[in-house]
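Please look at the sequence and the structure first.

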Amino acid sequence: MDAITSHPRPLPEQTPTESLIEARALSFSVASSGGVVNILRGVDLKVQPGEALGLVGPSGSGKTSLLMLLAGLERPSGGTLRVAGADLAAMDEDALARFRREKVGIVFQAFHLIPSMTALENVAMPLEFAGRRDAFDRAEASLRAVGLGHRLGHYPGQLSGGEQQRVALARATVAEPALLLADEPTGNLDRATGGLVMDLLFGLRERLGTTLVLVTHDEALAARCGRVVRMEDGLLSGGVA
Amino acid sequence: MSARAGAGFGGWPLAFRLARRELRGGVRSLRIVLVCLALGVAAIAAVGTLRTAIDAGLRADGARLLGGDVELRAGSQPVPDAVRGFINARAARTSDITILRSLLVAPSGERLLVEVKAVDAAYPLLGAVVLDPAVPLRDGEVAVEPLIAERLGLKLGDELRLGEAHPRLVALLRAEPDKAATPAFFGPRVLATRATLDATGLIQPGSLLQHSLRVQLPPGGDAAAFVAALRQAFPDEGLRLRTASTAEPGFSRFMDSTASFLVLAGLTALLVGGIGVATGVRAWLEARARTIATMRCLGAPSGLVLAMYLVQLLALSAVGIIAGLVAGYGLTWLAAQFLAGSLPVPPRLAPYPGPLALAALYGLLTALAFALWPLGRAARIPGAALFRDAIAPEGARPGWGVLAAQLAAAAALIGLVVATAGDPRFAAGFCAAALATLGLFRLGAAGLMLVAGRVSHRLRGAWRLGLANLHRPGAPTALVMVSLGIGLTTLTAIAQIEGNLRRQVEADLPKRAPNFFFVDIQQDQLARFDALVATLPGVEEVRRVPNLRARITALKGVPVAQVRAAPGSEWALAGDRGLTYSATPPEGARIVTGAWWAPDYRGAPLVSLDASLAEGWNVGIGDVVTLNILGRDLEFRIANTRAVNWRGMGMNFALVASPGVLEAAPHSNIATVRGDPAQDATVLRSVTDAFPNVTGVRVRDALETVAALLSRVATALTATASLTLASGVLVLGGAVAAGQRRRVRDAVVLKVLGATRGQISAAWAVEFGLVGATSGLLAAVAGCAASWAVMRFMLGSAWVPLWGVMAATLLGCLALALGFGRIGTALALRARPAGELRGE
């Protein structure tokens with residue numbers, strides 16, 4: 001494990017002409033008791049910096065697995081994957097953790113806030129991991145940006161679903177990541193609240209110039225992205241998207 | 001934690017901060033960890049503190065206990081004049097003590113075996129004797145312990161009989177400052193002057209008595225230097241000297257070995273507690289798996305996750321350990337009250353840092369040795385787990401660094417056990433046995449699950465369901481078996497050991513064991529003695545042998561002080577030994593080497609020696625043993641060695657001399673009398689009335705004294721081992737509680753499918769009954785094996801299986817398992833299907 005405490009090692013920066021995400025012949029398989037399951041079967045994908053990509057497709061098509069590979073949460077079984085200039089396949093577990101906290105923000109369907117921590121502490125966490133001294137100031141600003149300046153000291157259990165997802169959104173964007181990954185972010189919310197959360201998400205993305213990959217079943221939601229690709233049976237329709 | 005992880009996880013301050021936040025969520029699920037640690041630490045802290053407190057009491061009161069700065073034990077012979085002169089020239093004061101046991105006869109004719117302590121005017125050199133009333137003790141008067149007055153119904157002013165004298169009872173002996181140095185083992189104490197003792201006629205050649213001389217040195221005198229000078233001046237006298245700092249070596253040794261056993265019993269509690277720690281921590285971390293995965297997604301390295309939970313675990317362990325130390329210290333007070341009558345000094349109770357720190361270290365190492373595995377696994381939970389159903393990766397192993405740390409903690413724990421034990425070999429054996437027992441229960445569980453998996457599909461109804469529960473993935477079969485089994489194994493082992501020892505002192509009495517030993521029968525009383533006992537009712541057999549007192553001064557010409565005797569054989573080189581002579585081998589003796597002398601042998605002195613002593617002293621046929629008899633050194637050549645059955649309760653002598661040498665020396669005789677126990681009182685009264693100087697010792701009374709001591713040790717061990725069972729029950733409760741969620745779900749689904757409460761209960765009765773029965777069987781077997789090993793290798797004694805204990809173990813295990821299973825089942829059956837299904 002590398003030293004990353006309060007002196008983060010800079011990750012390789014991508015050149016302006018380089019794609020933020022570049023996947024070639026990306027495959028991903030898992031071993032199960034019934035044999036090897038090929039989830040991704042040669043995905044080619046390029047996403048430019050600042051672009052918003054909607055990823056749609058039926059359940060089991062491999063959308064979430066692709067998202068996990070992009071976040072460095074799983075390792076590809078084959079092919080190459082560069083995200084924000086980093087070759088994810090070549091990095092160890094803790095380098096990937098460092099990569100995530102510096103370059104990637106993730107919004108989950110089930111929020112995944114830490115129940116024993118306040119909203120402010122939840123949001124400050126990625127910056128604390130990075131050893132940032134201004135973690136709490138920035139977390140507060142981030143929470144204010146999603147309209148939760150009055151909920152800083154509340155625990156997740158004291159917040160509504162929409163508020164929890166807004167905290168998660170603040171947490172995902174507090175480090176101003178190059179890449180924002182969202183996995184069905186409105187799946188656990190009613191339509192009105194979901195709409196409000198998505199407005200916030202797209203607003204933040206635009207303000208920060210963050211690249212967005214949004215996984216959703218909702219075609220209308222996907223349509224808010226600049227580009228939509230469809231995944232079926234482990235392959236992206238239309239080849240290089 | 002590995003150095004690698006430590007360097008890269010983001011710093012301890014962050015780990016502490018995150019841990020503090022996490023702890024806000026409460027520690028309910030870790031209560032079992034706290035209690036398990038606290039129980040084990042309490043047991044070890046209590047034993048260690050009590051031992052230290054007793055040692056401190058002995059040290060502080062050493063001189064008072066000894067009754068002087070130095071004590072010289074001279075055995076049955078008075079202190080030689082030359083030695084006395086040397087001492088008198090250097091001492092400030094001296095005091096002569098003589099102790100012997102005899103029968104005290106009440107005016108009613110009732111009699112009791114007592115130890116008479118005859119003292120001079122200088123007694124006691126230190127401290128004070130408390131007589132009630134506070135009268136001076138004159139010649140012709142005695143003071144007795146209240147117990148004697150109670151047993152014999154005495155009142156002050158009564159004329160008693162002691163040997164041939166008729167002293168008057170003038171006071172009750174309330175306190176004796178030096179009682180610990182001269183414990184009245186064979187009977188309660190009678191205090192008299194030396195002139196009173198002389199008048200009894202009990203001091204005869206060959207009498208079993210103990211002369212000692214207490215010495216008080218001038219102010220600033222160095223006891224050790226005094227002892228060294230005395231030994232140097234009289235190298236051949238074989239002087240037995242004690243100083244205040246070694247006042248109670250025998251008791252200290254006894255304390256050491258008892259405390260070692262108790263510490264090991266406490267460690268067993270800690271071991272079971274450790275299993276509770278492991279399962280408690282695992283359940284706790286499983287409940288936090290989503291939090292961990294979220295943190296991993298947010299960029300927390302595995303090292304940070306490990307550090308954060310390690311901090312929490314250590315904080316909670318500290319709470320458990322401190323609670324254990326406090327409870328342990330409290331237990332020490334209770335134990336001191338319980339043991340008050342058995343200890344030579346009041347223990348000096350204080351929170352001694354040494355034993356408390358040791359107990360805390362045991363607790364900490366146990367927590368680490370058992371918790372690092374689940375912690376290491378949790379640290380490897382990937383962020384991707386958030387996207388999957390199963391959060392805890394089945395079969396994941398901790399990193400190598402964590403594994404190394406865990407092994408180091410386990411090794412340190414074993415090292416500490418062995419290093420701090422009185423008997424390191426036994427402690428190492430204990431560790432090996434503990435690991436083997438753990439392995440046995442794991443194997444037993446694996447076997448049970450395998451069989452259940454093989455046969456469950458061939459069965460129907462409750463049996464099929466119960467067996468399926470045993471082997472399904474995540475079934476707590478192994479945990480329940482281990483938690484239940486270890487505690488019961490310990491208790492079984494202790495019960496088997498105690499039962500076997502008790503059998504040996506009580507039930508295993510040889511069928512032909514005598515009812516009485518009569519000692520100090522003088523040569524001129526032999527004919528009358530034989531005639532008398534021949535007329536007594538119920539007497540079936542009388543045996544007599546001559547009895548002399550001898551001290552071994554040299555072996556093969558080497559003074560005994562320079563002989564390096566093997567452990568277990570040194571005792572016979574110190575002090576007086578009984579010696580007899582005989583033309584024929586003792587009845588039942590088995591000659592191991594050499595041959596017995598001819599019945600009419602009258603040549604140079606020969607001796608027959610106990611074979612195990614000969615081996616321990618490294619002597620054999622033809623070697624010379626020098627014996628000091630009545631102040632004269634005589635050389636005996638070893639003619640043969642014999643196997644002596646010391647438990648035979650007959651007259652056993654380590655040394656038997658050939659005839660023709662000792663007959664002329666003044667000596668007494670010992671007789672054994674066997675017959676109808678109903679006539680014991682008549683026989684005792686008749687013999688000791690006719691021969692006031694003769695003392696009768698009832699064999700059964702002596703054995704009861706030993707049994708009472710054994711019983712106290714066993715009680716202390718059982719109490720400590722009960723903590724193991726308590727830990728086990730806690731862990732078992734935790735295991736059942738951990739599976740409760742599944743049990744409720746199963747109950748609901750089964751109810752939905754039409755199962756009756758009876759059918760569901762029966763299935764779980766099968767599951768828990770089989771687990772309990774298998775654990776009980778294994779606990780009985782493992783307990784027997786452990787007790788056999790202790791009896792065979794530590795006590796060098798025979799062992800027989802006690803079927804009652806084994807049956808109790810099996811039934812106890814079954815009852816505990818079924819009891820807990822029943823509670824879990826009853827709670828699960830209460831769940832309402834509708835609510836549970838909506839929740840899903």
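How many bridges join strand β7 of chain A to strand β8 of chain A?

## The sheet

Strands β7 (residues 179-183) and β8 (residues 211-215) of chain A run parallel and are joined by 5 bridges. Leu179(A) stands opposite Thr211(A) in β8(A). Helices (H or I, at least four residues) and strands (E, at least two) are DSSP runs, numbered from the N terminus.

In chain A, 6 strands form an open sheet with mixed pairing, in the order β6-β7-β8-β3-β9-β10; two strands pair if DSSP finds at least two bridges between them. Its edge strands, β6 and β10 (235-236) of chain A, each pair on one side only. Helix α1 (residues 63-70) of chain A packs on the sheet and touches β3 (52-56), β7, β8 and β9 (227-232) of chain A, where contact means heavy atoms within 4.5 Å.

## Basis of the model

This is a predicted model, in which local features need pLDDT of at least 70 and side-chain atom pairs count only at pLDDT 80 or more, while totals for chains, interfaces and linings use all residues. Residues are numbered from 1 along each chain as its sequence is written, chains are lettered from A and ligands numbered from 1 in the order in which they are written, and side-chain values use heavy atoms, with hydrogens and water left out.

The largest share of the lining of the second largest cavity, 3 residues, comes from β6(A).

Definitions and conventions
Axes fitted to C-alpha atoms, helices over the stretch in contact; angles between N-to-C directions.
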